[in-house]
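Good morning, everyone, and thank you for making time for this short talk. Please look at the sequence and the structure together while I go through a few features.

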Amino acid sequence: MGGVLGCSEGRSAATWVDFNLYGHQIVAHLVRGFNAAAHHNAVDGDAVPVPHFGAALSVEGFHALAERLKAHNVKFVIEPHLRFVGKPGEQWTMFFHDPSGNALEFKAMTNPDNLFAKYVVTD
């Protein structure tokens, strides 16, 4: 998956690998019998995998990554799309699983200042 995402590999052992995920470290651990795809929460009409790891990109970076993933035939859990339209949390989002079944989210806020803004989401 590191090659598909364009993430260089760092240190590793028999049961884990460090990756450079857009300037942030993400460590992929092998846990036999773990099923990360078993749970979901409803978010703006989507069944969001729980737990998941997320990374925030620029809108341009988000769309470039979405095209890269499509070119590598990645199966999306949630296809790239815009959610919370017209609300402070408006964002591009997509979800997919890594080869170990871990859920990954990549998003891009249409207003980057709202990434960590405090507000209550109402449906």
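Let me begin with a term: a nonpolar core is a set of buried Ala, Val, Leu, Ile, Met, Phe, Trp, Tyr and Cys residues joined through side-chain atoms within 4.5 Å, where buried means under 20% relative accessible area with a 1.4 Å probe, counting protein chains only. What we have here is a predicted model, in which local features need pLDDT of at least 70 and side-chain atom pairs count only at pLDDT 80 or more, while totals for chains, interfaces and linings use all residues. Residues are numbered from 1 along each chain as its sequence is written, and side-chain values use heavy atoms, with hydrogens and water left out.

The largest nonpolar core has 20 residues, and those touching the most other members are Leu5, Leu21, Leu65, Leu69, Met94, Phe96 and Phe106. Helix H2 (59-71) is one of the elements that supply at least two residues of this core, and H2 gives the most, with four residues; helices (H or I, at least four residues) and strands (E, at least two) are DSSP runs, numbered from the N terminus.

Now to Glu90, which is found in the loop between strand E7 (76-83) and strand E8 (91-97). Beyond its neighbours within four places in sequence, Glu90 is in contact with Leu82, Arg83, Phe84, Val85, Met109 and Thr110.

Conventions:
Contact = heavy atoms within 4.5 Å. Buried < 20%, exposed > 50% of the residue type's maximum accessible area, 1.4 Å probe, protein only.
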